[in-house]
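Please open the model in your viewer and keep the selection tool at hand, as this tour moves from one stop to the next.

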Amino acid sequence: MSAPHQRGRLARRRERAGWMFVAPNLAAVLVFLLFPLAVSLYLSLHSWDLFSPPRFVGSANYRRLFASDPLFLIALRNTAVFTVSTLIPTVLIGLAVAAVLNRKLAGIGIFRTIAFLPLVASTVAMAVVWRFIFTTDDGLLNIMLGWVGIDPVPWLTDPDWALVSLSIVTVWKSVPFATVILLAAMQGVPETLYEAARIDGAGALRRFWSVTLPLIRGPLSFVFVITIINSVQAFDQAYALTGSNGGPETGTYLLGIMLFQNAFGFYEVGYAAALAWVIFAILLVLTLLQLRFARRAEVEL
């Protein structure tokens, strides 16, 4: 048998082996990702209550969502405010904590472990604990505020304060993840660049602004995208903290709560599927914009 023919057989055998290795993953993607996406898109064009057969309605669910459902605008506004009030503190605090932990100090490992503990805590359990902390009458936070002469704050009973409380809980949960990503990026910055900046007379803040931030722009952009996605999709902490009705006077009525309420409260599965695709479109647009800004910044850099 000629050498080229043997090499061809070996290449085909390797190709078949490769397909056999990736086949389980491809099957999992098909079954658990592509198939549910196709079904949800199909349901978004139908009216279905889980019991009777689906009835085709075309784009009626989408028209109802944008034209005649005032709760959608409330949920969209609350989600936008919640996303901004979660994103900015998460990124700033994550940067600060990562910069503090990126030091060679005695016992720094203990502080890193403490900072990362919220990352492994259950979101629902965490929200339940925070619910007791935010109790108006005898909550720990209001008791501590009373020590300095501040009147009790209606954390969970006032619409505005309820959204603030939800943002605080989400930031507390999100900061460790942002810190892990940013700390790993900071540890990859060459020490020689910091030494050169010190020789040039740059202080700590100047080194952070001129050396650290430009070199962790990619991971920072990733933290932005993930935080936005998690905020727009937020459900479990809002459900555990303020209930399934969107809190007091729809103060925490987010898109995730609206989707859950329509799907499992009103049994309007087709309408909920349409809302899910609208959420997907919003996230897609925000992610693409963020990636475009990040690439433009890298080019300018």
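Select Tyr267 to begin: this residue, just after H12, takes a positive phi of about 55 degrees. This is a predicted model, in which local features need pLDDT of at least 70 and side-chain atom pairs count only at pLDDT 80 or more, while totals for chains, interfaces and linings use all residues. Residues are numbered from 1 along each chain as its sequence is written, and side-chain values use heavy atoms, with hydrogens and water left out.

Step back to helix H12 itself, residues 255-265, whose buried residues are Leu255, Gly256, Ile257, Met258, Gln261, Asn262 and Ala263. Buried means under 20% relative accessible area, exposed means over 50%, and partly exposed lies in between, with a 1.4 Å probe and protein chains only. Helices are DSSP runs of H or I with at least four residues, numbered from the N terminus.

Next, select helix H3 (residues 70-101) together with helix H7 (residues 159-187), which pack at an angle of about 40 degrees with their axes 6 Å apart. The crossing of H3 and H7 is right-handed.

Stay on H7 and pick out Trp172, which lies in this helix and is partly exposed because its relative accessible area is 37%. From Trp172, look across to Asp236, which is 64 residues away in sequence and 14 Å away in space, C-alpha to C-alpha.

Finish at Val29 in helix H1, residues 3-44, which counts as partly exposed because its relative accessibility is 38%.

Terms used
Helices (H or I, at least four residues) and strands (E, at least two) are DSSP runs, numbered from the N terminus. Axes are lines fitted to C-alpha atoms, for helices over the stretch in contact, and angles run from 0 to 180 degrees between N-to-C directions. A crossing is left-handed if the near helix is turned anticlockwise from the far one by less than a right angle, and right-handed if clockwise.
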